[in-house]
Amino acid sequence: MADAVLIHLEDWINTNVFYTLLDTNLTPRVRLKKGLLAIRELYDGGNAICIFRALSMQAGIELFEEQINKGMTQWLSAFKEIGIALSFTPEEAEKSFTGINTSTRMLNCSKRPE
């Protein structure tokens, strides 16, 4: 069941986030804005639980570690590409957007039911 959820989530993110972030027909600023809006939609403005967090707890990390690592790598790579398009050096882009990604994940994963 969780595997099906991850597949559905991956498809949605590929279509609504990564496609937008990597669409060179749009300006880098528009790509970033649309990508961040899609992420906000994905997490319902921070009200939805972070699936990566839920699946990376206890036994889930053993079962889904590969998919989670792949997903995080995709996020970082897409944001790095945006940074490069915004005239950051590759190193600056990776450092800057890793911080944003980490902050976004922490924010989205922190709003969970008790």
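Trainee: Which side chain of opposite charge is nearest to arginine 31, and is arginine 31 buried or exposed?

Mentor: This is a predicted model, in which local features need pLDDT of at least 70 and side-chain atom pairs count only at pLDDT 80 or more, while totals for chains, interfaces and linings use all residues. Residues are numbered from 1 along each chain as its sequence is written, and side-chain values use heavy atoms, with hydrogens and water left out. Buried means under 20% relative accessible area, exposed over 50%, and partly exposed in between (1.4 Å probe, protein chains only). For charge, Lys and Arg count as positive and Asp and Glu as negative, with His and the chain ends not counted. Arginine 31 is buried, and the nearest side chain of opposite charge, that of glutamate 81, is 5.9 Å away. Arginine 31 has no salt bridge, a term for a side-chain nitrogen of Lys or Arg within 4 Å of a carboxyl oxygen of Asp or Glu.

Trainee: Which residues is arginine 31 in contact with, leaving aside its neighbours within four places in sequence?

Mentor: Contact means heavy atoms within 4.5 Å. Arginine 31 is in contact with Thr20, Leu21, Leu22, Asp23, Thr24, Leu26, Glu81, Ile82 and Ala85.

Trainee: Where is arginine 31 found, and how many helices does the protein chain have?

Mentor: Helices (H or I, at least four residues) and strands (E, at least two) are DSSP runs, numbered from the N terminus. Arginine 31 lies in helix 2, which covers residues 28–42, and the protein chain has five helices and zero strands.

Trainee: What percentage of the protein chain is buried?

Mentor: Of the 114 residues in the protein chain, 30% are buried. Turning to contacts between residues at least 6 apart in sequence, 60% of them join residues at least 24 apart.
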